[in-house]
Amino acid sequence: MRIPLRVFLLLALLTAFFSEAALAAAPGKGENARTSPSSPLERAIKEFDTLCADAKRSVRRDLWMALEENFSGIQKKSTGDNAVTAAFYFARCREEVGKRSYLADDHREAVARYALVAERYAKFGYAPTALYRQGSILHHRLRDHAASAEVLERLINNYPRAPELEGAKTLLAQAQKAGARSRASAKDEAGAASARAASAAPDQTERGRASTVTLKDITWQKKGQRAVITLVLDGQADFAHDYIPPRDKRPARVYLDMAGVIPASGIRSGMTLKDLVVTRIRTGSSEKGMRVTLECSGVYCYLVSRPDNAPQTIQIEVSLKDDLKDGIVVGGKDEDAPEQGASGAGAKEDQAKKTDGTKSAGPSAGGKGGRDAKGVEGGGKAAAGGGKAQADGGKATAGGGKGGRAKGGDAGATGKTRPAAGDKAGASKPEATKTAGVKESAVMEKLGLTVRTIMIDAGHGGKDPGAMAGGISEHIFTLAMARRVGALLEKRGFTVLYTRTSNVFISLQDRPDMANNQKADLFISIHVNANTVPSVRGMETYYLDTARQQDAVLVAARENAVSVQNISDLQVILTDLMLSSKLEESRHLARCVHRGILKRLRGAKLSVIDNGVKSAPFYVLMGARMPAILVEFGYVTNDTDAANLKKEAYLQKQAEGLVDGIIQYKTELARSVPQGK
């Protein structure tokens with residue numbers, strides 16, 4: 001059949017028309033698609049997926065930080081779904097960092113970011129996903145089962161049709177079961193510890209029994225250039241606080257950790273304030289209870305106190321001026337205020353900078369804890385070791401003194417003695433002994449080169465017994481050695497603190513925090529070693545840095561309770577944190593202590609193998625704001641070492657050598673002070 005020419009031409013024109021229309025409409029085709037590349041958000045998500053899949057690059061913290069900043073910038077410039085997605089991936093980045101760093105702070109930050117997504121974008125699809133991930137981190141990573149259950153219950157109640165519903169129900173059951181088990185274990189441990197501590201420290205038994213306190217309300221008011229934030233509780237709670245300076249486009253922050261505190265149902269996780277130095281208040285979970293973070297437009301000094309007329313409230317005052325009596329100065333010089341220095345006698349320096357360039361006033365700057373606004377020289381009150389101390393070498397106590405990161409509790413912002421943060425139920429708190437007064441020059445005081453207060457950390461304890469072989473249990477050995485070393489230090493005039501004085505569990509992260517809170521000048525962690533090869537023996541001393549030897553990697557993996565691969569990842573992702581630690585001072589201290597122990601043992605003709613001074617990424621040393629070392633006194637898996645570690649004479653010489661090393665370090669530190677300054 002022949003088709004007429006007119007019909008054929010018409011069909012050809014129609015075919016060409018519809019083909020061109022289809023080409024223009026097809027996604028990814030045609031000139032229109034070629035001129036519209038993927039959006040910044042799509043490129044960032046692709047970069048996120050690529051980084052997650054790259055085993056080598058994904059352990060680099062700097063890459064995650066850059067990606068976080070990218071998502072944060074996209075969120076601020078976007079609206080609707082794009083803003084929600086960017087905020088969600090901003091939280092995802094920190095979750096991925098936490099998976100690789102194993103740091104509680106990273107896990108907590110991820111939880112806080114997911115909480116903001118769930119609150120700010122409650123009507124969007126990412127809200128239930130954010131809640132689920134928040135609950136998962138709280139349960140699996142932070143072991144805060146109660147907080148996890150609360151978040152998951154909110155998801156189940158508010159989003160009954162969410163895809164995460166079944167998973168949330170399963171995880172909720174796990175969290176509730178784990179929480180019940182933890183409470184039962186804590187009750188048993190508290191009872192046993194209370195019985196052991198009753199004769200030695202009956203006044204502290206009741207303090208170890210924690211009870212839950214509820215944060216009922218948060219109020220705020222403006223007083224000139226000050227913001228006054230009041231936390232209303234239904235009972236009294238111990239607290240610790242700290243300051244974080246602005247960095248990476250993030251504002252200055254003052255945060256408060258309250259032990260055993262939970263928020264009431266009406267407390268929101270994020271509140272924006274207007275016309276105040278405090279611009280935002282965030283709430284979230286911490287390892288011990290609840291954290292309240294104040295984001296500030298600027299901070300010169302701040303003060304945390306418990307008003308005498310309202311013992312169930314905690315008051316946080318943040319000021320742009322030096323107008324807070326007993327306030328902690330963390331900012332630069334207040335141009336409007338009278339010139340005040342670090343000295344009560346009128347020195348001209350304003351919270352003098354240390355030799356490494358960091359400010360002595362702010363604990364977050366990397367020093368040994370801040371000084372209070374009244375200063376420490378010229379006969380003023382000193383905060384070195386908590387409590388009150390005379391700058392000319394008077395008595396010092398270990399309370400939650402003024403300045404730096406301080407422990408609160410019943411003493412509020414005063415210098416009364418307080419137990420260290422992080423001690424567990426039934427545990428004797430870090431105890432200070434009175435010193436005869438170690439006299440330091442004013443120059444050393446100004447430069448932060450004093451060695452008065454020493455925190456002795458007895459490794460392991462409680463549910464973590466450590467190495468067990470050769471008839472030795474590490475948690476028992478370390479506690480006995482800590483007391484032996486402490487007694488010798490007291491005789492030499494030092495103030496001595498302990499992370500634990502009984503068989504209780506204290507997390508690796510809490511131990512350096514306790515030294516920071518009490519403003520210790522040195523941190524010494526005591527351990528014994530173990531190896532699968534029985535012939536391995538000897539003593540070694542460690543400071544915090546990346547491990548340069550394979551045996552150091554193995555020791556760090558055992559003490560951190562993680563795999564060797566985890567340690568390899570940790571070394572890369574935590575490099576930036578290690579650079580800010582007291583690396584050189586810690587290495588010097590480790591060498592002095594190591595030499596001192598070897599000299600004492602060899603002088604007494606006692607057998608010892610020298611494994612040297614080494615570096616490794618130990619969790620227990622991370623975050624310490626003072627020189628910190630870890631001593632491994634020998635291998636319990638070796639017959640010769642185990643036999644020596646049971647001998648009184650051998651242990652005494654080891655302890656004496658450790659003390660000799662500390663004194664040598666202090667002496668050399670004094671010699672390093674420039675003359676005539």
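A salt bridge is a side-chain nitrogen of Lys or Arg within 4 Å of a carboxyl oxygen of Asp or Glu. By this criterion, the predicted model shown above holds 24 salt bridges. One of them joins Arg226 to Glu317, whose closest N and O atoms are 2.6 Å apart.

Strand 2, residues 226-233, and strand 10, residues 313-319, run antiparallel and are joined by seven bridges. Within this pairing, Ile229 stands opposite Ile316 of strand 10. The sheet as a whole is open and has six strands, in the order 5-1-2-10-9-11, with mixed pairing. Its edges are formed by strand 5 (261-263) and strand 11 (328-329); each has a single partner strand, and therefore one side of each is left without a neighbour in the sheet.

Attention may now turn to a pair of helices. Two packed helices are described by the angle between their axes and the distance between the axes. For helix 3 (residues 40-53) and helix 4 (residues 61-77), the angle is about 155 degrees and the axes are 10 Å apart. Angles over 145 degrees count as roughly antiparallel, and helix 3 and helix 4 are therefore described in this way. Helix 3 passes helix 4 in a left-handed crossing. Residues in the contact include Leu41, Phe48 and Leu51 of helix 3, together with Trp64, Leu67 and Phe71 of helix 4. The residues of this contact divide into 12 nonpolar, one polar and one charged.

Notes. Residues are numbered from 1 along each chain as its sequence is written. This is a predicted model: local features need pLDDT of at least 70, side-chain atom pairs count only at pLDDT 80 or more; totals for chains, interfaces and linings use all residues. Side-chain values use heavy atoms; hydrogens and water are left out. Two strands pair if DSSP finds at least two bridges between them. Helices (H or I, at least four residues) and strands (E, at least two) are DSSP runs, numbered from the N terminus. Axes are lines fitted to C-alpha atoms, for helices over the stretch in contact, and angles run from 0 to 180 degrees between N-to-C directions. Angles under 35 degrees count as roughly parallel, over 145 as roughly antiparallel, 65 to 115 as roughly perpendicular and the rest as oblique. A crossing is left-handed if the near helix is turned anticlockwise from the far one by less than a right angle, and right-handed if clockwise. Contact means heavy atoms within 4.5 Å. Ala, Val, Leu, Ile, Met, Phe, Trp, Tyr, Cys and Pro count as nonpolar, Asp, Glu, Lys and Arg as charged, and the others, Gly among them, as polar.
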